[in-house]
Amino acid sequence: MSEPTGKYSITMPRDIAEAAKARSGPSGLSAYVAAAVARQIERDNLNELIAVAEAEHGAVTDEEIQSLRDQLTQARREQTQPGASAE
């Protein structure tokens, strides 16, 4: 079942509208724009969550981010090695 829809009028630069229309495919421009807006809302929500977490716990440092990336890379390597076992 699909969500109820409403009709809205928006204004955007013509070149952006034409590019979106050209890429929208069979689902149409409205679906393409709705998906783009949904992604932006997700990003906005994540940014708000990050701001709350940083206010409570402090900002994440570049070193912490790199350490976690290194851990993830190592875990992926271990998963793709032949004979790797899950513990």
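## V33

At 24% relative accessibility, V33 comes out as partly exposed, since that class runs between buried (under 20% relative accessible area) and exposed (over 50%), using a 1.4 Å probe and protein chains only. This is a predicted model, where local features need pLDDT of at least 70 and side-chain atom pairs count only at 80 or more, while totals for chains, interfaces and linings use all residues. Numbering starts from 1 along each chain as its sequence is written, and side-chain values use heavy atoms, with hydrogens and water left out.

V33 sits in helix 2 (a DSSP run of H or I, at least four residues, numbered from the N terminus). Its C-alpha is 7.6 Å from that of A20, 13 residues away along the chain.

## The largest pocket

V33 also turns up among the residues nearest the centre of the largest pocket, along with Y8, I10, S30 and A34.

The volume is about 450 Å³. A pocket here is an open set of 1 Å grid points where a 1.4 Å probe fits, with protein on both sides within 12 Å along at least five of seven lines; lining residues have an atom within 4 Å of a point.

## S24, between the helices

S24 is in the loop between helix 1 (14–23) and helix 2. At 10% relative accessibility, S24 counts as buried.

What does the side chain of S24 reach? The backbone oxygen of K21, at 2.9 Å. Leaving aside residues up to four places away in sequence, S24 touches L29 and Y32 (heavy atoms within 4.5 Å).

Note on methods
Grid points are joined across faces, edges and corners, and a volume is the space filled by probe spheres set on the points. Helices (H or I, at least four residues) and strands (E, at least two) are DSSP runs, numbered from the N terminus. A polar contact is a pair of N or O atoms within 3.5 Å; within protein, one must be able to donate a hydrogen and the other to accept it, and residues adjacent in sequence count only if both atoms are side-chain atoms.
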